[in-house]
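Work through the exercises below with the sequence and the coordinates at hand. Each task is followed by a stepwise solution.

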Amino acid sequence: MSNDRCDADPVEALTGSMRDFRVLSGTDLLARVEPFFRWQDQRRQHGLWPYSKSTVEAPGAVCAAKDDAGSSFKGINFSSQDYLGLSSDPEIKETAKSVIDEYGVHSAGSSALSGNTKYSLELEGKISRFLGLEHTVLYPTGWAAGYGVIKGLVGRNDHVVMDGLSHACLQEGAGSATANVHLHGHLNLESARRHLRRIRTRDTENAILVVTESLFSMDSDSPDLAGLQNLCREFDATLLVDVAHDLGCIGEGGAASSASRACGARSTS
């Protein structure tokens, strides 16, 4: 990092947050992002911009990286989601190499056409048996799964009732599927009941999807899944539970929350 960046007064760069730029106004789509660019670039110039880093070696517990201005650094990796270090496991790397020799570097198609392989189908089967579910559908990322499962199930006249702290992928999926999105208080069964009762009072024709997470990543708390399932039965709704944050960590053998399995909730991860 250059001396002028180190010596500069960072006080102004420490003011504000990304929330200040969530809603943009103006007719010029490019010009209206200028205030955000100036704000984040000021933080970048002071070495305070935390995003858009790139690793220059395997993303281990300690690795080297660069920020988006090109400055190099090395340290403990607190931003990786490879918690178990599987991306650098020697056995997994050797398996990946052998499959590349057999299949190439990608499937060359979507699963709706010819994108499935014997290995992807085998993986779906293993996951289904592990979770005790009838079927598993693979998505390329967890974010895509949360978004895609809601988009695939919900029609434009249907309703989504979801916990107000549900992950962004779930909220984005709901918003893309229908305008009828209802956020209830976090872990608040009575709030969920009020939404469901109001919807069913005026709409008995369309479906309702109730969405929650079995373990909320930010607050590390869990909903009353059995209570939510009972509400769904009462108001003719379907419960969807995102188990991304507890799968492999909670429940017998790591097969997700036992409550989510007991209530028969659909799961995504």
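**Exercise 1. The sheet**

In what order do the strands of the open sheet of three strands stand, and is their pairing parallel or antiparallel?

Solution. The model is a predicted one.
Step 1. The open sheet has the strand order β1-β2-β3, and the pairing is antiparallel.
Step 2. β1 (54-55) and β3 (72-76) are the edge strands; each has a single partner strand, so one side of each lacks a neighbour in the sheet.
Step 3. Between β2 (residues 62-66) and β3 there are five bridges in the antiparallel sense.

**Exercise 2. Aromatic pairs**

How many aromatic pairs does the structure hold? Classify the pair of F21 and F36 by its geometry.

Solution. 
Step 1. There are eight aromatic pairs.
Step 2. For F21 and F36 the centres are 5.5 Å apart and the planes make 70°, which is edge-to-face.
Step 3. F21 sits in the loop between α1 (3-7) and α2 (34-45), while F36 sits in helix α2, so the pair ties together parts 15 residues apart in sequence. F36 is partly exposed, at 26% relative accessible area.
Step 4. Y103 and Y119 have ring centres 5.7 Å apart and planes at 70°, so this pair is edge-to-face. Y103 is in helix α3 (residues 90-103) and Y119 in helix α4 (residues 118-131), so the pair ties together parts 16 residues apart in sequence. Y103 is partly exposed at 37% relative accessibility, and Y119 is partly exposed at 33%.
Step 5. One aromatic cluster is formed by F21, F36, W39, W49 and Y51.

**Exercise 3. Salt bridges**

Solution. 
Step 1. The count is eight salt bridges.
Step 2. D41 and R44 form one of them, with the closest N and O atoms 2.6 Å apart. Both residues lie in helix α2, three residues apart, about one turn of the helix. R44 is buried, at 13% relative accessibility.
Step 3. The side chains of E102 and K118 form another, at 3.1 Å from N to O. This pair links distant parts of the chain, with E102 in helix α3 and K118 in helix α4, 16 residues apart. E102 is partly exposed at 44%, and K118 is partly exposed at 49%.
Step 4. K126 and E122 meet at 3.5 Å, N to O. Both lie in helix α4, four residues apart, about one turn of the helix.
Step 5. Salt bridges with shared partners join D41, R44 and D68 into one network.

Definitions and conventions. Residues are numbered from 1 along each chain as its sequence is written. This is a predicted model: local features need pLDDT of at least 70, side-chain atom pairs count only at pLDDT 80 or more; totals for chains, interfaces and linings use all residues. Side-chain values use heavy atoms; hydrogens and water are left out. Two strands pair if DSSP finds at least two bridges between them. Helices (H or I, at least four residues) and strands (E, at least two) are DSSP runs, numbered from the N terminus. Rings of Phe, Tyr and Trp (its six-membered ring) pair if their centres lie within 6.5 Å; planes under 30 degrees apart count as stacked, over 60 as edge-to-face and the rest as tilted. Buried means under 20% relative accessible area, exposed over 50%, partly exposed in between (1.4 Å probe, protein chains only). A salt bridge is a side-chain nitrogen of Lys or Arg within 4 Å of a carboxyl oxygen of Asp or Glu.
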